[in-house]
Amino acid sequence: MNPPETHLQDHSLPLEIAEPCIFAQPWQAQAFALVITLHDKDVFSWNEWADALSGELKLSGTSRDGSDYYDCWLRALEGLLIGKNIASGHDVDALAAAWSRAAQATPHGQPICLDNDPEPA
Amino acid sequence: MTHRDDHDHDNHLDPMDARVRALETILGAKGLIDPGSIDVIVDTYQNRIGPQNGARVVAKAWHDPDYADWLKLDATAAIASLGFTGRQGEHMRAVFNGPQTHNLVVCTLCSCYPWSVLGLPPVWYKSPPYRSRAVIDPRGVLAEFGVSLNEDVRIRVWDSTAELRYLVVPMRPAGTENYSEEALAALVTRDSMIGTGLVDIGT
């Protein structure tokens, strides 16, 4: 049998991928849970969140198959936290770079810790 | 997962993964999150909440006319009575399929979805084609899901919002008169509660 994509036209719906796991990658689950937690803590209202997320999803360049849904989710969360002065774009960029360096420096199979960053700020 | 390649001493972090970790670091330092609670939420949504919750609601409505009436009048309370409550303070509305009416749920704005009864939305529910076409061409969308309805069946499309989410109560299939509530619940699929599927005994 051909994979379903081969006869899908652009306007078609993405067919369901066998979905034993709702998140394609662990970071998506983490990003999801961050939003739930921060809403529970009244950092933002659910309406604020829905507005932020729909704003990201409306941007052109969003993929037709919904595969970048959690990319949008994370950008919406970053935007909301920056807008509320809880995080700054600079700090997020710098810490993301530090996490990437730490991961590179961590031997395979060991947990990645930020302390492993070889060039801490 | 084990990969054997030339880079097996490097951990390359996906850029999005690095950004999530950066946010966790910032939020943890501010005392807004603790890693344990994040793990609990992930576990809850991945393993404990799912369409089996909604299936229990539907089966109870099929089995118990009083419950069905309550569900029609006040879905939020009727669903909460089974222990399923939304965390976002959203209200629920149950929309009942009938011989002349088929209900289809979408969220055109983002992807509001009744998490407490259906778990997290499937990939297609979040996709731009579904979000736009469910409203413009519901019959065509249903056909792609293998659902064909008679021409005289009216399709109602419900657009979810942050405050109001919908649960479709599909039609109870013929031949299930003697089924227990549990056996009925086993027939109810996720898609049938979004409106992109029907319930039948064969599945």
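Is A:Gln28 buried or exposed? In this predicted model, A:Gln28 is buried, with a relative accessible area of 6%. The cut-off for buried is under 20%, so A:Gln28 falls inside that class. The residue sits in helix H1 of chain A. Leaving out residues up to four places away in sequence, A:Gln28 touches A:Phe23 and A:Tyr70.

Those two partners turn up again at A:Phe32. Setting aside neighbours within four places in sequence, A:Phe32 is in contact with A:Phe23, A:Tyr70 and A:Trp73 in chain A. A:Phe32 also reaches across to chain B.

Now step back to chain A as a whole. Chain A has four helices and zero strands. From the N terminus on, its elements run α-α-α-α. The chain has 121 residues, and 43% of them count as buried. Take the contacts in chain A between residues at least 6 apart in sequence: 38% of these join residues at least 24 apart.

Several of its residues are buried. They include A:Trp46, A:Trp49, A:Ala50 and A:Ala52. A:Leu53, A:Ser54, A:Glu56 and A:Leu57 are buried too.

What covers the buried residues of H2 in chain A? Both chains contribute. From chain A, the cover includes helix H1 (26-40) and helix H3 (69-83). From chain B, it includes helix H6 (115-118), helix H7 (128-136) and strand E4 (164-169).

Read along the sequence, the pattern is α-α-α-α-α-β-β-α-α-α-β-β-α-α. Of its 203 residues, 51% count as buried. Among contacts in chain B with a separation of 6 or more, 68% are between residues 24 or more positions apart. Along its principal axes, the C-alpha trace of chain B spans about 60 × 35 × 35 Å.

Domain 1 takes residues 15-47, and domain 2 takes residues 50-194. Taken over C-alpha atoms, the centres of these two domains of chain B are separated by 31 Å.

Next comes the nonpolar core. The largest one has 102 residues. The residues with the most contacts inside it are A:Phe32, A:Trp49, A:Trp73 and B:Leu71. This core draws at least three residues from each of domain 1 and domain 2 of chain B.

Finally, look at the interface between the chains. How many residues of chain B are in contact with chain A? There are 55, and they meet 59 residues of chain A. The size of an interface is often given as the accessible area lost when the parts come together. Here chain B and chain A bury about 5400 Å² between them. Carbon and sulfur atoms carry 64% of that area.

In a salt bridge of 2.6 Å, N to O, the side chain of B:Arg19 meets that of A:Glu78.

Note on methods
Residues are numbered from 1 along each chain as its sequence is written. Chains are lettered from A and ligands numbered from 1 in the order in which they are written. This is a predicted model: local features need pLDDT of at least 70, side-chain atom pairs count only at pLDDT 80 or more; totals for chains, interfaces and linings use all residues. Side-chain values use heavy atoms; hydrogens and water are left out. Buried means under 20% relative accessible area, exposed over 50%, partly exposed in between (1.4 Å probe, protein chains only). Helices (H or I, at least four residues) and strands (E, at least two) are DSSP runs, numbered from the N terminus. Contact means heavy atoms within 4.5 Å. A nonpolar core is a set of buried Ala, Val, Leu, Ile, Met, Phe, Trp, Tyr and Cys residues joined through side-chain atoms within 4.5 Å. Domain bounds come from an automatic or database domain assignment. Buried area is the accessible area (1.4 Å probe) that two parts lose on being put together, summed over both. A salt bridge is a side-chain nitrogen of Lys or Arg within 4 Å of a carboxyl oxygen of Asp or Glu.
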